[in-house]
Amino acid sequence: MHALRLDHVSKRYLIRQAHVDAAPVGLLARLRQRFARPHVFWALRDVSFEVGQGEALGIIGPNGAGKSTLLKLLAGITAPTSGEIAISGKLSALLEVGSGFHPELTGIENIYLSGTILGMQRQEITDKLDDIIDFAGVRQFIDVPVKRYSSGMVVRLGFSVAAHLDPDILLLDEVLAVGDAAFQKKCIDRVMELKRRSTVVFISHDLAAVQQLCDRVIVMNQGQVIYDGATAGAMSAYSALARFRASPPPRTESVAKTAEIVSLEFIDGAGQPVQMVKTGDALRIRIQYQARVAVPDASFIVFFYGADGALHCQFTTWLSGETADLAAGGGIVEFSCEELGLQPGSYLIDAIIDQHGNHLDWQYRCATIQVNAGRNVKGLFYHPHTWRATSESSLLLEENLAAEPRNQV
Amino acid sequence: MRALSAEEVLSTPFPGRPTKNIRPPSFDPWRIWSAGRELLRYRDLLVTLSLHRINVRYKQSILGWAWALIQPLALMLIYTIIFSVVTRMPAEGVPYAVFVYAALLPWTYFSTIMTNSATCLVNHSGLITKVYFPREILPLTYVVAAFVDFLVGALVLAGMMVYYRVPVTPYALYLIPIMVVLSAFGLALALFLSVLQVRVRDIGLAMPLVMQIWMFATPVVYPLSAVPARLRLYYDMNPLAGTIESFRRVLLQGKPPEYSSFLEASIIAFVLLPLAYLFFKYREASMADFI
């Protein structure tokens, strides 16, 4: 029995205006634009799948794959252009916490407001009121207008209302990352608890989070389902997707490719190719290149982009002050790193060959690497470090100690 | 009883659970039925949001609820000064202050619905793009809030009628169907305009001006009897003329409403309302994409 069924669902967007800044000024131009033939964009193309009762399905894909459109369709926010979605049971979407909060209203009033907007009955909210307040931990301030709350309190209260919905189907966006560490743990516990009772659809671009929660994964690309199955297979489908994505690299069109990156590989401490490493592990990146002519003064750069799209780190030959002189023909450049500082998550890789500021080749999002938690590291990044302990009596031995090998973390 | 085939078992939804089908939008008249049932399921949201409208409006204002009275009272004073001191306006045998207030009250109710609800969807775009609920609840809450203001204002009218000793006759019971028609007409336009405003923002900008013109085209500050016969045709085309005039007639003059114009207004309101609702539900499906 299915809880959710999508039957050949497509969604078309008609775009009449590409940029807000490009809005025409004159009245005639405005009218012409309004009645112009719109640019057609298919956000979803013929998507069909079913989700069984009690299943936990993850949906991943790069930006623009159609994930948010799918989310909006399932939540009923917008309707498909063709096809049909059948939902059996009460579906609740945790898309954004604090939906419908009003700053002038008190905590209690906002609980009722937000709760009813999310589809609860007033009686149901009254029954759960104590649980909601305690979960958010805002009991002392419950009769104070929400505009006096700290932003953390608002988010906690918002999540708390949403977490008490008791749906048959739970639609999750990346809302789990709210509040401090203690509250985040509470949220994840709550989702795990809900998962036991209801069907879960989790839409994310964080592979690690999806793996943690889901038994089945759908990988989407350009509005279509390209993989549907076990979590393990989804990983390689997603990686392959990132590698072969034909996105034009920025700024390279005008420059002839005198040198080109042929492949990029990650190698672990044991010399084996890997796609998954742990924070603090040794890692090598091996880049194979092909130069058509001799390229003096070349440098290589590797960028690591996080799931949030932000640049997290770079490896480069450029900072060393030394440059590589490439002879015509093939060759290999290898970066190595003793202890990887990146925090757990999935990263997209750009690799670049540069000569005097010209990018001879820019391989855009050419690989992915999954970093898993090593030992539990807190903070923004892991910094390799050493330590030693000294007792006062041994201070005299200081000089001797300094010469001894230090303890590795 | 025959056994269900495997396919039927698979396609049978869970017993006792509502099954919802999301389809491309259509103009199927049955939508009114299913949408109405869904609206009924969301009645608690309607209640909460309406309470919220009423509460929030006067929060952090010193005069608070008095504002619901100040607005019609101030208008009444202005028009009374202009039309009974500066120049004389026939008031059909009652003091001009009561005469004008008895029409300003239903007029303010209607115009508040129009100006607030025309922009209500756009003003709640944050909600509309994030959560699903029947969107007609938003304009409906403005109708409810305006009605509460109307009731507060009605207390003042009652006070004035006692003060000026205006007798009340059983014809005053006509106020109930008159208010029903006025609300239905207001709601129909609110549904229609709010959904148009999503794509054409000019509606909200034009609203205050349109309402100003409409008010002077309606017998609010003057009686319908003062309108020259050659202009009566235009008044017959304005469903509000009959409604507002009837409101004042049954209350102050103790006469029955002008049946023909009131009937016309009723027909317009109750034909328009389902059409507007159908149109609203059709556009609702893609509202989040344009807002």
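**Figure 1. Helix 3 of chain A against helix 3 of chain B in the predicted model.** A crossing of two helices is called left-handed if the near helix is turned anticlockwise from the far one by less than a right angle, and right-handed if it is turned clockwise. In this predicted model, helix 3 of chain A passes helix 3 of chain B in a left-handed crossing. The contact draws on Tyr112(A), Leu113(A), Thr116(A) and Ile117(A) from helix 3 of chain A, and on Asp44(B), Leu45(B), Thr48(B) and His52(B) from helix 3 of chain B. By class, the residues of this contact divide into four nonpolar, three polar and one charged. The two axes come within 9 Å and cross at roughly 140°. Angles from 65 to 115 degrees count as roughly perpendicular and those over 145 as roughly antiparallel, and helix 3 of chain A and helix 3 of chain B are therefore described as oblique to each other.

**Figure 2. The side of chain A that touches chain B.** The contact between the chains takes 34 residues from chain A and 28 residues from chain B. On the side of chain A, the elements that give two or more residues are strand 1 (2-15), helix 2 (67-75), strand 4 (82-88) and helix 3 (107-117). Strand 4 of chain A provides the largest share of that side, with six residues. Sorted by class, the side of chain A that touches chain B has 16 nonpolar, 12 polar and six charged residues.

Figure 3. Four strands form an open sheet in the order 2(A)-1(A)-4(A)-1(B), with antiparallel pairing. At the edges stand strand 2 (39-52) of chain A and strand 1 of chain B, each of which pairs on one side only. From one strand to the next, the twist averages 20°. Strand 1 and strand 2 of chain A run antiparallel and are joined by 10 bridges, and within this pair the bridge partner of Arg5(A) is Glu50(A) in strand 2 of chain A. Across the chain boundary, four bridges join strand 4 of chain A to strand 1 (residues 19-22) of chain B, again in the antiparallel sense, and Ala86(A) stands opposite Asn21(B) in strand 1 of chain B.

**Figure 4. Helix 4 and helix 5 of chain A.** Helix 4 (residues 122-136) and helix 5 (residues 151-163) of chain A pack at an angle of about 140°, with their axes 8 Å apart. That angle makes helix 4 of chain A oblique to helix 5 of chain A. Helix 4 of chain A passes helix 5 of chain A in a right-handed crossing. Helix 4 of chain A makes the contact through Ile132(A), Phe135(A) and Ala136(A), whereas helix 5 of chain A contributes Arg156(A), Leu157(A), Ser160(A), Val161(A) and Ala163(A). By class, six residues of this contact are nonpolar, one is polar and one is charged.

**Figure 5. A three-stranded sheet of chain A.** Chain A is divided into domain 1 (2-240) and domain 2 (248-372), and the C-alpha centres of these two domains lie 35 Å apart. The view shows an open sheet of three strands of chain A, in the order 10-12-16 and with antiparallel pairing. Strand 10 (259-268) and strand 16 (329-337) of chain A stand at the edges with a single partner strand each, so one side of each is left without a neighbour in the sheet. The twist from one strand to the next averages 20°. Nine bridges join strand 10 of chain A to strand 12 (residues 283-291) of chain A, and these two strands run antiparallel. Within this pair, Phe266(A) stands opposite Ile285(A) in strand 12 of chain A.

**Figure 6. Strand 13 of chain A and its pairings.** Strand 13 (residues 295-305) of chain A pairs in the antiparallel sense with strand 17 (residues 345-355) of chain A over eight bridges, and Tyr305(A) stands opposite Leu348(A) in strand 17 of chain A. Strand 13 of chain A also pairs with strand 14 (residues 311-316) of chain A over five bridges in the antiparallel sense, where Ile301(A) stands opposite Thr316(A) in strand 14 of chain A.

Methods. Residues are numbered from 1 along each chain as its sequence is written. Chains are lettered from A and ligands numbered from 1 in the order in which they are written. This is a predicted model: local features need pLDDT of at least 70, side-chain atom pairs count only at pLDDT 80 or more; totals for chains, interfaces and linings use all residues. Axes are lines fitted to C-alpha atoms, for helices over the stretch in contact, and angles run from 0 to 180 degrees between N-to-C directions. Angles under 35 degrees count as roughly parallel, over 145 as roughly antiparallel, 65 to 115 as roughly perpendicular and the rest as oblique. Two residues are in contact if their C-beta atoms, placed from the backbone, lie within 7 Å. Ala, Val, Leu, Ile, Met, Phe, Trp, Tyr, Cys and Pro count as nonpolar, Asp, Glu, Lys and Arg as charged, and the others, Gly among them, as polar. Two strands pair if DSSP finds at least two bridges between them. Domain bounds come from an automatic or database domain assignment.
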